[in-house]
Amino acid sequence: MRSPPTEPGEAARPHSWLRQAFLTALAAPAVRFLTGMDVVGRERLPRTGPAIIAANHASHMDAFMLLSLFPAKTLAKVRPVAAADYFLANPAISWVSLNLIGISPISRKVKRGEDVLAPARRALERGEIILVFPEGTRGSGQGMGDLKGGVARLAEAWPAAPVIPIWIQGADRVLPKGARTPVPMNCTALVGEPLVWEEGQDRPGFTAALRERLEALAASAPPQKWS
Amino acid sequence: MSDLLTAGLGEVRPPLLWGFAGLAVVLVVASLAVLFLQKTKPDRDWTELRLRVQSWWGMIAVVALALALGWAAITVLFAAVSFVALREILSLAPLRREDRLIVLWAYLTVPLTYGLVALDQYRIYLVAIPVWFFLVTPFLMAIAGQTRAYLATVATITWAVIVCVFNLAVLPLLMKVPAEEAPAGAAGLVFLLLLTTEANDVFQFLCGKAFGRRKILPTVSPNKTWEGFVGGWILTAAAFWLLAPVFTPLSVWQAAVMAALLPVAGFAGDVTMSAVKRDLGVKDTSRLIPGHGGLLDRIDSLTFTAPLFFHLVAYYALTPY
C-alpha cells in the first residue's frame with residue numbers, strides 16, 4: 001500500500017538554507033558546548049545514503065547530537081524520524097521540527113491499514129540517511145527499552161541501506177526527560193559496525209542483533225557514575 | 001576600567017618571539033621525526049604520535065595568538081579551558097541526580113572568577129571560591145535535600161572548582177602584571193610558566209622512556225619512574241633557571257628556589273590527577289585533544305604549577321599582588 005509520494009512536510013524541505021544555517025551555526029556549537037561531543041568510530045559514519053542510523057534515546061539532545069556528527073554537505077541528506085503526535089503537536093513546534101530540524105514525521109498510533117513507515121522508506125528511496133530511535137520514545141537513560149520492529153522492516157524493504165548502530169552516552173544527564181534546564185556534561189557517541197539485511201533473515205533476529213550491537217557499544221562507553 | 005578599554009594587541013617583546021621560534025624549530029624536528037619513522041618503520045602504527053605532534057602545533061598556535069592579543073584574549077582562553085576541564089571532571093566524578101543544578105552552579109564560578117580577575121578585584125577573587133563558594137554550595141546541596149553521599153559530593157565539587165577554576169585563573173592575573181615589572185612583559189611570565197610546565201611533562205616522559213627502571217608510584221601511575229622524575233627535574237630546573245633572567249624579575253637565588261620547586265609541583269599535579277583517574281576507572285578524561293586525551297590530561301600539572309609560580313613570583317617581585 002503506497003501513499004502518494006508528496007505528503008505535507010515530507011519532500012524537499014530539509015534542503016533549505018535556513019535549516020543548514022540553524023544546524024551548523026547554532027545547533028552544532030550548542031551541542032559542543034553542552035556535551036563536548038566525543039565520538040568513537042567516526043570513520044564508520046555513512047557519507048552517503050541510503051542508510052539507517054539506529055540510536056538509543058534518552059533526551060531531546062539525542063537528535064541534535066546525531067545531526068552534529070555529519071559534515072555540512074552531508075547534512076542536507078540527513079533526516080531524523082520523529083513522532084508526529086509530539087513534534088507536529090502545535091503549529092510552532094511543527095514549523096521548527098519540519099523546517100529547522102527537518103524531521104520525517106512518523107505516526108505512533110497505527111490506524112488499520114496505514115503504512116506508518118512509508119515516509120521513512122521514501123526517504124531511503126531518495127538516498128537519504130535517516131536517524132531512528134528504535135525504542136520509540138525517550139527512556140530514563142538507564143539501559144535501553146524494548147526495540148520496536150520498524151528498523152528491521154525498513155532494512156528488509158530496503159536492503160541496500162546499512163543499519164549503523166550508535167550508542168549515545170550521557171545525554172540523559174544534560175537534559176533528562178521532563179527537565180527544562182540543560183546542564184553541560186560530557187557525552188560520547190559510539191558508532192558501531194553496520195548491520196546489513198541478508199536474504200532469508202527474520203525480523204526479530206535482526207532486531208535482536210541490533211540490540212546486541214548497541215549493548216556492546218554501551219559496554220565500551222566511558223563510565224558514568226550517576227546515582 | 002581603563003585597561004579594559006585598552007585591551008587589544010599586547011606588546012610582543014623579542015624574547016617571546018625567540019621563544020616561539022624555538023618551539024617552532026622543536027615542532028618541525030618532531031614532525032620530521034614522525035615522517036622519518038613512518039617511512040623507515042611502516043609496520044608500526046605511528047598515528048598516535050603523529051596526532052600528538054599535530055595537536056602540539058595547534059595548542060602552541062592558540063597560546064601564541066592569545067599572548068599576542070593581550071590579557072583579554074588570555075582571560076577568554078583560560079576561562080574556556082577552566083570550563084572544559086571542569087566539565088570533564090564533573091562528568092566523570094560520582095554525582096547524584098539531585099546535583100544536576102549544583103553542577104550548573106559550579107560552572108557559574110568560571111564567569112565569576114574570570115570576571116573578578118578582569119575587573120582587577122584580586123582580593124575578592126582570593127576569597128570568592130575558597131570562602132564563599134565553599135559555604136554556599138554545601139548549603140544549596142542541603143536545601144536540595146539529598147543526604148546520601150552528601151559529604152563526598154561536596155568535596156568532589158568544591159575540589160574540582162579549586163583545581164579547574166581558581167588555580168587556572170592566576171594565568172590572566174599574571175597577564176595583567178604591568179609591563180615594567182617583568183623583563184619580557186606580562187606575556188613573558190605566562191610563556192615561561194606554560195613552557196616549563198609542559199617541558200617538565202615531556203622531559204619526565206622522555207627520561208622515563210630512556211632510563212626508567214624503578215617505579216615511583218606503582219599503585220597510582222605504573223608508568224612513572226624515579227629516573228623519569230629525577231631526569232625531568234634536572235632538565236626543567238636547569239631550563240627554568242637559565243631562562244628566568246630573560247622572562248622574570250626574580251634574582252638568581254629566587255629563581256633557584258622556583259626552579260627547584262616547579263618540576264615537583266608539575267609531578268604532583270600529574271600524579272594527583274592520575275589517582276583521580278584511577279579511582280574513576282578511566283585512562284583519559286575525554287577525547288578532546290587528538291593524541292593527548294582530554295584537556296585535563298594536558299593541563300593536570302599546570303593546575304599545580306600555576307598557583308606555585310604565581311604566588312612565589314608575586315611574593316618576591318610583583319607589586320600589584
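At what angle do α6(B) and helix α7 (residues 122-144) of chain B pack, and how far apart are their axes? The angle is about 155°, and the axes lie 9 Å apart. Please keep in mind, as you look around, that this is a predicted model.

**Helix packing in chain B**

An angle over 145 degrees counts as roughly antiparallel, so α6(B) and α7(B) are roughly antiparallel to each other. On the α6(B) side, the contact is made by T109(B), L112(B), T113(B), L116(B) and V117(B). Facing them from α7(B) are I124(B), Y125(B), A128(B), I129(B) and F133(B). By class, this contact of α6(B) with α7(B) has eight nonpolar residues, two polar ones and no charged ones.

Helix α6 (residues 109-118) of chain B also packs with helix α5 (residues 100-107) of chain B. Here the angle is about 15°, with the axes 4 Å apart. Angles under 35 degrees count as roughly parallel, and α5(B) and α6(B) are therefore roughly parallel to each other. From α5(B), the residues in contact are W105(B), A106(B) and Y107(B), while α6(B) brings T109(B), V110(B) and P111(B). The contact of α5(B) with α6(B) has five nonpolar residues, one polar residue and no charged residues.

The two pairs can be set side by side:

| Helix pair | Angle | Axes apart |
|---|---|---|
| α5(B) and α6(B) | about 15° | 4 Å |
| α6(B) and α7(B) | about 155° | 9 Å |

**Where the chains meet**

Chain B puts 25 residues into its contact with chain A, and chain A puts in 24 residues. Together the two chains bury about 2000 Å², and carbon and sulfur atoms give 52% of that area. Which residues of chain B lose the most area to chain A? They are R87(B), R97(B) and R100(B), which together make up 35% of what that side buries.

R87(B) turns up again in the lining of the second largest cavity. By class, the lining has two nonpolar, three polar and three charged residues.

**A pocket lined by chain A elements**

Now for an open space: the second largest pocket holds about 1000 Å³. Its lining has 41 residues, and those nearest its centre are H57(A), V81(A), A82(A), A83(A) and F87(A). Elements of chain A that give two or more residues to the lining are α1 (17-35), α2 (61-68), β3 (78-83), α4 (84-87) and α7 (150-157). Which of them gives the largest share? That is α1(A), with six residues. The lining divides into 28 nonpolar, eight polar and five charged residues.

**Backbone details in chain A**

Two loops of chain A deserve a look. In the loop between α1 and β1 sits M37(A), whose phi is near 50°, a positive value in a residue other than glycine. P50(A) lies in the loop between β1 (38-40) and β2 (51-55). The peptide bond leading from G49(A) to P50(A) is cis, with omega near -5°.

Key
Residues numbered from 1 in each chain as written. Chains lettered and ligands numbered in written order. Predicted model: local features only at pLDDT ≥ 70, side-chain atom pairs only at ≥ 80, totals over all residues. Heavy atoms only, no water. Axes fitted to C-alpha atoms, helices over the stretch in contact; angles between N-to-C directions. Parallel < 35°, antiparallel > 145°, perpendicular 65-115°, else oblique. Contact = heavy atoms within 4.5 Å. Nonpolar A, V, L, I, M, F, W, Y, C, P; charged D, E, K, R; others polar. 1 Å grid on protein atoms, 1.4 Å probe; cavity = no way out; pocket = protein on both sides within 12 Å on 5 of 7 lines; lining within 4 Å. Buried area = accessible area lost by both parts, 1.4 Å probe. Points joined across faces, edges and corners; volume = space filled by probe spheres on them.
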